[in-house]
Amino acid sequence: MTELRNKNFIKKILSLVPLFLLYLSVLNNFDFNYLELKYFSFNFSYILIFYYSLKKNVSLGYTHIFIAGLFNDAVIGTPLGISSLIYLLLCGSAAYLRNITLRPSLIKDSIFFLVAILIVNSILFITLNIVFNYVLDYSDQIINITYTFLLYFIFSYIFNLFENLALGRTNVE
Amino acid sequence: METSRDDFVIAIRSAFLKKGTQQRFSLLALISFSVIFLILSSLNFKAIDYIKIGLKEIVYRTSFMVSTPEKFVKKNYFIIKKHFNLYEENEKNKNDLEYLRSKDLLNEFIILENQRLKNIVDDYLVKSDDIFAKVINDKGSPFLKSVIINKGSKQNISLGMIVMDGVYLVGKIVEVNYLSSRVLLLSDLNSKIPVILEPYGILSILSGTGKNYGIIQYTKKENITTDTGAIYTSGTGGLFKAGIPVGRISTNNIDNKKNVKFFSDFSQLKFVKVLSFTKIEIE
């Protein structure tokens, strides 16, 4: 009985890992600037939010994503509310894909992810540039989008592995 | 045709309006809330401003704590990197020291003479008391090159004050909270400061690029013939005192463009000095 309770407790802790990663990624704002890699940057939060909204939508929760967006805005200095909006739109696109998909596949998911991040980033850039007069370097954003898309495959595999091994969920595919 | 449109509407409605089993709010409700938040904050709505300041104070401090392991890795990375370059750096420093010692003898006289002459032309600025601040967050954002410091309006920091790393210019204050402030670095795309290029004496504008270097704008590039030029603030506009060292002109080997290499390494900022300059009143 005690062993079962311990197992449940560990599972509960492990199920909070995606949420922990989300807050960590927005507060720490993973960058590798100090490595001085000129053509490398990616948005880990996008990958995490899209993956978990698509595969396991109870893991993160919309309210937490909204709060994480506010935190992200405070850390990177963009107008408060804009990251929340972008994250939630990404959630919406993932939820839409989940509703229309009968037989999921990684390729289809990733192509949809690419289209989704292109659209939400366009909304983000238009809002920042036109409404808030931010000057943006578009080549940097293209590099960021490209790597975010490419790394989706790797992180998707890692998250799948985590869900299968640590939590024993087999219905994530 | 009709059926596929219905499917699309059902899928969209389900995605945006349906609350999940453990969700308190629907997606549409939170999206609307974000939009309202954005609109009210852009209109400088008082209540939203207080929320913003409170949230930022909490987030800056939490972010400082959360990024401690990353800072540890970063610090060690730089230590290892420095060790590899130690010998060459030492040789270079020895040569520089000899050269600077000879130059220093002349400097004191020139400074005093300059001060006396500026007093005569009524252009002498006095600086406020230095406020030393610790950099608590230096996260590079895709949109802003900025750092957060641990001093705010409580310590008399105000918008537009200049920020220095030793004697070098780093940026200016663009956001003030009660216990923290945001410094817009010179390398940010939105940063533009009036500078003078010496020894040519050309007035220009130094603009950030979003990278770790700046560019010189609104001047004829052919005027700058060598890489020996240094850049100082020109004092035009009255915000910056004239003569604060900013950086050095360097040629990019790839496209042969003239860039500005900043004297201060913005990725290594730990403590900075915040101050402002005001014109001296001569009776």
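Here are some questions and answers on a predicted model with chains A and B.

Residues are numbered from 1 along each chain as its sequence is written, while chains are lettered from A and ligands numbered from 1 in the order in which they are written. Since this is a predicted model, local features need pLDDT of at least 70 and side-chain atom pairs count only at pLDDT 80 or more, but totals for chains, interfaces and linings use all residues.

Q: How many helices and strands does chain A have?
A: Helices (H or I, at least four residues) and strands (E, at least two) are DSSP runs, numbered from the N terminus. From that end on, chain A reads α-α-α-α-α-α-α. The tally is seven helices and zero strands.

Q: What percentage of the residues of chain B count as buried?
A: A residue is buried if 20 or more other C-beta atoms lie within 10 Å of its own, exposed if 12 or fewer, and partly exposed in between, with C-beta atoms placed from the backbone. For chain A, 38% of the 173 residues pass as buried. Chain B has five helices and 14 strands, and of its 283 residues the buried part is 27%.

Q: In what order do the six strands of the chain B barrel close?
A: Strands count as paired if DSSP finds at least two bridges between them. S2(B) (residues 131-137) and S13(B) (residues 271-275) pair over four bridges in the antiparallel sense, and Phe132(B) has Lys273(B) as its bridge partner there. The pairing in the barrel is antiparallel, and the order is S2-S3-S6-S5-S4-S13.

Q: Which helix of chain B lies across S2 and S3?
A: S3(B) covers residues 146-149. The helix in question spans residues 46-66 and runs at about 70° to S2(B). Angles here run from 0 to 180 degrees between N-to-C directions, and axes are lines fitted to C-alpha atoms, for helices over the stretch in contact. The helix is H3(B).

Q: Which helix supplies the largest share of the side of chain B that touches chain A?
A: Residues are in contact if their C-beta atoms, placed from the backbone, lie within 7 Å. By that rule, 44 residues of chain B are in contact with 43 residues of chain A. H1 (2-17), H2 (27-42), H3 and H4 (68-84) of chain B each give at least two residues to the chain B side. The largest share, nine residues, belongs to H2(B).

Q: How do H2(A) and H3(B) sit: roughly parallel or roughly perpendicular?
A: Their axes are 9 Å apart, at an angle of about 105°. Angles under 35 degrees count as roughly parallel, over 145 as roughly antiparallel, 65 to 115 as roughly perpendicular and the rest as oblique. So H2(A) and H3(B) are roughly perpendicular.

Q: Which residues of H3(B) make the contact with H2(A)?
A: From H2(A) come Leu24(A), Leu27(A) and Asn28(A). The residues of H3(B) are Thr62(B), Ser63(B) and Val66(B).

Q: Which residue with positive phi follows H4(A)?
A: The phi there is near 85°. The residue is Gly77(A).

Definitions and conventions
Two residues are in contact if their C-beta atoms, placed from the backbone, lie within 7 Å.
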